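Here is a short briefing on a single protein chain. Look over the sequence and the model, then read the points by topic.

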Amino acid sequence: MQQIRARIFEQHIGDGRRSGRAVLLRPLKGRHIASWYFTLTGPQLPMLEDDIEEERLLKVQLARATGSGPPKKGQGKRAGKKK
C-alpha cells in the first residue's frame, strides 16, 4: 500500500539516509547563471584584441620614455661583444 501511495503522489520511500533526490527535483538554473556573463561573438573578438594590443603598445611606449623599456633591435646587451 505504501508503494502505491508513493507512486500516486510521487513520493520517495527511503531508508532514512540522505539521497539527494530533493536536489535533482529542483528546476535547473544553468541558463540563469549563464545570463550573468556577457558573451562575445564574431565581430566583437577582433576589437577586443585590438584594445589589448593598444594597451601593450602604450605600456611599452611609457617604459621607453623612462628608459626602462626594451632596447632597439641590434642594440642589446651583447651587441658590442666580438665573437
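Helices (H or I, at least four residues) and strands (E, at least two) are DSSP runs, numbered from the N terminus. By that rule, the chain has 4 helices and 0 strands. This is a predicted model, in which local features need pLDDT of at least 70 and side-chain atom pairs count only at pLDDT 80 or more, while totals for chains, interfaces and linings use all residues. Residues are numbered from 1 along each chain as its sequence is written, and side-chain values use heavy atoms, with hydrogens and water left out.

**Fold and confidence**

- From the N terminus on, the elements run α-α-α-α.
- The mean pLDDT (the predictor's confidence in each residue, from 0 to 100) of the chain is 81.
- A pLDDT of 70 or more is reached by 86% of the residues.
- Confidence is highest in H1, at a mean of 88, and lowest in helix H4 (residues 44–65), at 80.
- Where pLDDT is low, the predicted coordinates should not be read in detail.

**Surface**

- The accessible surface of the chain comes to about 9100 Å² (Shrake-Rupley method, 1.4 Å probe; for residues, only the protein chains shown count as cover).
- Carbon and sulfur atoms hold 57% of that surface.
- Of the 83 residues, 1% count as buried; buried means under 20% relative accessible area, exposed over 50%, and partly exposed in between (1.4 Å probe, protein chains only).

**Nonpolar patch**

- Ile4, Ile8 and Phe9 form a nonpolar patch on the surface.
- Patches are made of residues with over 30% relative accessible area and no salt bridge; like charges are joined within 9 Å, nonpolar side chains (Val, Leu, Ile, Met, Phe, Trp, Tyr) within 5 Å.
- Together, the three residues of this patch have about 350 Å² of accessible area.
- Phe9 sits in the loop between helix H1 (2–8) and helix H2 (21–25).
- Phe9 counts as exposed because its relative accessibility is 56%.

**Salt bridges**

- The structure holds 2 salt bridges, each a side-chain nitrogen of Lys or Arg within 4 Å of a carboxyl oxygen of Asp or Glu.
- Side chains of opposite charge can pair when their charged atoms come close.
- Asp15 pairs with Arg17, with the closest N and O atoms 3.1 Å apart.
- Asp15 is exposed at 54% relative accessibility, and Arg17 is exposed at 66%.
- Arg56 and Glu53 form a salt bridge at 2.8 Å, N to O.
- Both Arg56 and Glu53 lie in helix H4, 3 residues apart, about one turn of the helix.
- Arg56 is partly exposed at 42%, and Glu53 is partly exposed at 35%.
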